[in-house]
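The following explanation is intended for a reader who is meeting this structure for the first time.

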Amino acid sequence: MAVHGGVTREPGHKKHKATQYIVGYLSSLILTAIAFGLALTHTMRVGPLIVVLTILAGLQIVVQLYFFMHITEGDGPPFHALFLILGLIFTFAIALMSVWIMGFPAFMAQVS
Amino acid sequence: MMAMPDAIYGGHSGVTSSDKPLEYRDPNQSVKILGFWLFLATDMLLFGCLFATYLVVRTHTDGGPTARSIFDIPGFTLETFFLLTSSFTGGLSTLAMRNGNKKALVSWFAVTIALGLAFIGLEVHEFIGDVASGATWERSAFLSAFFTLVGTHGSHVTVGLVWMFLTLLQVAKRGITPITARKVFVVNLYWHFLDVVWVFIFTVVYLSGRVM
């Protein structure tokens, strides 16, 4: 048993490396740079641009969850991942369905 | 220093507990991490509602300031860079905790807090500038939704900063134990979550506001 920084550790217990975090950080910077580049240089039409930006933001969720939040780790069955997926479904449903229904011509005429 | 309760909890879920990261080894702590994930799922709903409101009223400017006229590109780019970097340094503090390196853990917490303060400073500066130019939150539906959404995120970040500072003090005082390890892990989960919310804010609010 080697005592290290106040934590008892088993011999041969592997040291955690920073690689995963560096890959995560670089991925988030690259995804952000692409989003900013596309949006601020006006190279795409607005419709497709919004779709691409949303996909890039979705990928950022995956980066944070996998590389930083260790979604794949845990104790026992992955209940936390189920909570999160359910939360994500509700969140996107609330936001996107609100946009959809409030875009109806009848509503657009009333609220301006 | 106390030894890990491996002898007691070994064999839990069919895995020897020493195979797990420190914060999950004690079942009493790992159930609290599970509870925190549940909180994040519900906090996401709060932001979902605020995003929905913003998306619906973002064009309702009532002849006042528009998204394009008030969003400052260098400002929100720098805010984004600070928050993304702080999410990375927060991750490095989790790494230091798992390696039992208290000194590195405290240092990365300090760096993360400094970056978070820089983010909040810029956001407050941006809000003050908006208000000074007449873009107050009672001016239009767009501005009400904008300040509510971005301000709710900003207040989450402020709470996170206080929380992280208190966790830093506990780690400095008590060292890395199963309990402080869980606290470090949970405050970082919260911090990464806020980074994801910010990604959606710069996508939906700032970048879309500049192009639409």
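Predicted model: local features only at pLDDT ≥ 70, side-chain atom pairs only at ≥ 80, totals over all residues.

Chain A contains 4 helices and 2 strands. Of the 112 residues in chain A, 24% count as buried. Among its contacts between residues at least 6 apart in sequence, 45% join residues at least 24 apart. The chain is divided into domain 1, residues 13-73, and domain 2, residues 76-112. The centres of these two domains of chain A, taken over C-alpha atoms, are separated by 22 Å.

The UniProt record, an unreviewed entry, assigns the feature "transmembrane region" to residues 21-40, 46-69 and 81-102 of chain A. In the model, residues 21-40 of chain A are 100% helix and 0% strand, and the end C-alpha atoms of this span lie 28 Å apart. Residues 81-102 of chain A are likewise 100% helix and 0% strand, with 31 Å between the end C-alpha atoms of that span.

The buried residues of α1(A) include A:Tyr21, A:Gly24, A:Ser28, A:Leu31 and A:Phe36. What covers the buried residues of α1(A) includes elements from both chains: α2 (46-68) of chain A, together with α4 (73-98) and α7 of chain B. After α1(A) comes A:His42, whose phi is positive, near 55°.

The contact between the chains can now be considered as a whole. Here 53 residues of chain A are in contact with 55 residues of chain B. On the side of chain A that touches chain B, β1 (2-4), β2 (7-9), α1, α2 and α3 each supply at least two residues. The largest share, 14 residues, comes from α3(A). By class, this side of chain A has 29 nonpolar, 19 polar and 5 charged residues.

The largest nonpolar core has 76 residues, of which B:Phe51, B:Leu149, B:Ile201 and B:Val205 touch the most other members. The elements giving two or more residues to this core are α1, α2 and α3 (79-102) of chain A and α2 (27-57), α4, α5 (102-132), α6 (141-174) and α7 of chain B. Its largest share, 21 residues, comes from α7(B). Leaving aside residues up to four places away in sequence, B:Phe51 touches A:Ala95, B:Leu149, B:Phe200 and B:Val204.

Apart from neighbours within four places in sequence, B:Ala181 is in contact with B:Leu22, B:Glu23, B:Met97 and B:Ile176. The C-alpha atoms of B:Ala181 and B:Gln29 are separated by 8.9 Å, although the two residues are 152 residues apart along the chain.

Methods: Residues numbered from 1 in each chain as written. Chains lettered and ligands numbered in written order. UniProt positions renumbered as here; feature names shortened; annotations may be inferred. Contact = placed C-beta atoms within 7 Å. Domains from an automatic or database assignment. Buried ≥ 20, exposed ≤ 12 C-beta atoms within 10 Å, placed from the backbone. Core = buried A, V, L, I, M, F, W, Y, C linked by C-beta atoms within 7 Å. Nonpolar A, V, L, I, M, F, W, Y, C, P; charged D, E, K, R; others polar.
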